Amino acid sequence: MTTTQTSVVHDLGTLAHRLSHPARTPCVCEPPQVLADRPDGTVVRSGVIVAKAHAADTDRAALAARIALAAAPQLAGILLPPLPAPAPAAPTARPVTLWPLGAPVDPTDPGAAPWAEAADLLARLHRTKPPFTLPPMRGPAKAARAVARMRAALRGDAITPPRDPGVEPGDATAPPRDPAVEPRAPASLSVLAGWRALPAWARGEVPAPVRRGGSLCHGDLHLGQLVRHPAPDGPWLLIDMDDAGVGDPAWDLGRPAAWYAAGLLAPEDWSTFLDAYRAAGGPAVPADGDPWPALDVPARALTVQTAAVALAKCAAEQRDPDDHEQLMIESCARIATLPPELATGPAS
């Protein structure tokens, strides 16, 4: 952890502790706990308060709108509401938000994963009319950022075709060999092929077609985005609205759909999720019949996103993809052969 990261973690822990600990009482609190420390956000807990420092390049006006959305009365019972944040004494390099502590999904108990509850929350979110003007949902932009991260992590030479096997070692015309990244070249080529096969809107290059836009979306749905509040047995709520906004509601179903298509999500769990979404009146897919014309593009984009992030992590950690990561990478090779978008009418 760099000096800057250490400082951010310390400051967040101090802030969360100050707000969760009663004034003028003896302190028996546990040390602040780092829940996440990534380029897009550092999250620290103290007591029942969670403090998050968002990325330095965050659009602050858009973030303010998304935090206001989480606090909107129309979204009560769907989104975890934020806590009031004290005004900083001076401008900070990274915007900070405060949240009540919730109990997350237990990653060690896949059988208890709340797929039905997640689907119901999504359907209710998608059915809610945006209470005020919101920025676009950032799902496609997040996928593009993942691909850029992979390119940067592999330093360019792992995303070019493998060297001509006829070139002799030591040949002055041969590019320098980097054994740390070269074995991942075919994998990254598959990811990029899958990326190029997507329509431009799914790559964040142009706005989504009208038939795909207009709904209130989470933008980054996975099981880590649910907590019980009040902890430990309160109702499930959605958290982390950094990517929320108006867009294609099918995007929020895209990651479970991608996992199911790759063989990472059991068919019964996928059926539970999809059936619960439809039962709650979710608008992303038809009420019955084949859901894939609506889900195809988001599922493919999130397959590419997941594989790109996996390869970036593998490069940073100097390791090969694990079995789950390899399945997503192999899926990219398959989707690269598909047409840009399956024929579909409006999902309703």
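Residues are numbered from 1 along each chain as its sequence is written, and side-chain values use heavy atoms, with hydrogens and water left out. Because the model is predicted, local features need pLDDT of at least 70 and side-chain atom pairs count only at pLDDT 80 or more, while totals for chains, interfaces and linings use all residues.

**Exercise 1.** Describe the span, the start and the buried residues of helix α2.

Step 1. Helices (H or I, at least four residues) and strands (E, at least two) are DSSP runs, numbered from the N terminus. Helix α2 covers residues 60-71, and its twelve residues reach 17 Å from the first C-alpha to the last. This is close to the 16 Å expected at 1.5 Å a residue, where the expected span is 1.5 Å times one less than the number of residues.

Step 2. At the start of α2, a side-chain oxygen of Asp-59 comes to within 3.1 Å of the backbone nitrogen of Ala-61.

Step 3. Buried means under 20% relative accessible area, exposed over 50% and partly exposed in between, with a 1.4 Å probe and protein chains only. In α2 the buried residues are Ala-62, Leu-63, Ala-65, Arg-66, Ile-67, Leu-69 and Ala-70, and they pack against β3 (49-54), β4 (96-100) and β6 (215-217).

**Exercise 2.** Work out how helices α6 and α7 are arranged, and which residues meet between them.

Step 1. Helix α6 (residues 251-262) and helix α7 (residues 267-279) pack at an angle of about 155°, with their axes 10 Å apart. That angle makes α6 roughly antiparallel to α7, a label given to angles over 145 degrees.

Step 2. Where contact means heavy atoms within 4.5 Å, Leu-253, Pro-256, Ala-257 and Tyr-260 of α6 meet Pro-267, Trp-270, Phe-273 and Tyr-277 of α7.

**Exercise 3.** Locate the cis peptide bonds and the positive phi values described here.

Step 1. Most residues other than glycine have a negative phi, and most peptide bonds are trans.

Step 2. Pro-230 lies in the loop between β7 (226-228) and β8 (236-238), and Pro-232 is found in the loop between β7 and β8.

Step 3. Asp-240, in the loop between β8 and β9 (245-247), has a positive phi of about 60° although it is not a glycine. Gln-318, in the loop between α8 (292-317) and α9 (323-335), has a positive phi of about 55°, and it counts as exposed because its relative accessibility is 52%.

Technical notes. Polar contact = N/O pair within 3.5 Å; in protein donor to acceptor, adjacent residues only side chain to side chain. Axes fitted to C-alpha atoms, helices over the stretch in contact; angles between N-to-C directions. Parallel < 35°, antiparallel > 145°, perpendicular 65-115°, else oblique.
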